[in-house]
Amino acid sequence: MRKQNLSPLGLGLAIIATLVLLVTTTSAACASNFNACDSSGFPSNFCCPSGTNCVTLASNTTLLCCPIGTACDAINTIVCGTSNQNATLHPESTIKTTNLDGKLESCGIDQCCPFGFSCNGSGKSSICVKDLDQKLLPP
């Protein structure tokens with residue numbers, strides 16, 4: 001096998017080309033059968049599955065993928081913590097937020113509501129109801 005010597009300039013160009021390829025192929029990619037919600041002002045990796053609408057919540061910090069034909073004015077509670085709403089770590093999630101350091105409202109038993117929703121009810125019968133004012137920033 002013949003060893004090839006690259007000049008510092010050639011090596012630098014090769015590294016730059018590789019980085020550009022990595023950034024352009026991974027930064028805006030949606031999971032399979034998902035569509036970007038970038039027209040809603042979200043980052044390019046905020047995507048929703050086909051057959052859903054992108055719903056903007058909590059002063060454009062949170063995205064809910066709502067099935068077409070439904071209003072999503074009330075939804076089931078979710079797991080507390082925002083780590084599952086991290087679009088980079090969980091591209092298949094149907095709720096995403098840019099407010100990854102925020103604290104979700106507790107709702108029911110060991111459950112929470114996403115930003116833009118408030119808890120209604122108590123115990124196992126709790127549901128999350130969409131806030132009328134979506135211009136409020138989450139806590």
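User: Which residues does Lys 103 touch, not counting residues up to four places away in sequence?

Analyst: The model is a predicted one. In it, Lys 103 lies in the loop between strand S6 (95-97) and strand S7 (105-106). Leaving aside residues up to four places away in sequence, the residues that Lys 103 touches are Phe 115 and Pro 139.

User: Is Lys 103 buried or exposed?

Analyst: A residue counts as exposed when its relative accessible area is over 50%. Lys 103 has a relative accessible area of 63%, so Lys 103 is exposed.

User: What separates the C-alpha atoms of Lys 103 and Pro 114?

Analyst: Lys 103 and Pro 114 are 11 residues apart along the chain. Lys 103 itself sits in the loop between S6 and S7. The separation of the two C-alpha atoms is 9.3 Å.

User: Which strands stand at the edges of the open sheet of 3 strands?

Analyst: The strand order in this sheet is S5-S10-S9, and the pairing is antiparallel. Each edge strand has a single partner strand, so one side of it is left without a neighbour in the sheet. The edge strands are S5 (74-75) and S9 (117-120).

User: Which residue in S10 is the bridge partner of Ile 75?

Analyst: S5 pairs with strand S10 (residues 127-130) in the antiparallel sense over 2 bridges. Ala 74 stands opposite Val 129 in S10. For Ile 75, the bridge partner in S10 is Cys 128.

User: Which residue in S10 is the bridge partner of Cys 119?

Analyst: S9 and S10 run antiparallel and are joined by 4 bridges. Cys 119 has its bridge partner in S10, and that partner is Cys 128.

User: Which residue takes a positive phi in the hairpin of S9 and S10?

Analyst: The hairpin has 6 residues between the strands. A positive phi near 100° is found there at Gly 121.

User: What is the angle between the planes of Phe 42 and Phe 46?

Analyst: A search of the whole structure gives 1 aromatic pair. Phe 42 and Phe 46 form this pair, at 5.2 Å centre to centre. Both residues are buried. The pair is stacked, with an angle between the planes of 10°.

Notes
Residues are numbered from 1 along each chain as its sequence is written. This is a predicted model: local features need pLDDT of at least 70, side-chain atom pairs count only at pLDDT 80 or more; totals for chains, interfaces and linings use all residues. Side-chain values use heavy atoms; hydrogens and water are left out. Two strands pair if DSSP finds at least two bridges between them. Rings of Phe, Tyr and Trp (its six-membered ring) pair if their centres lie within 6.5 Å; planes under 30 degrees apart count as stacked, over 60 as edge-to-face and the rest as tilted. Buried means under 20% relative accessible area, exposed over 50%, partly exposed in between (1.4 Å probe, protein chains only). Contact means heavy atoms within 4.5 Å.
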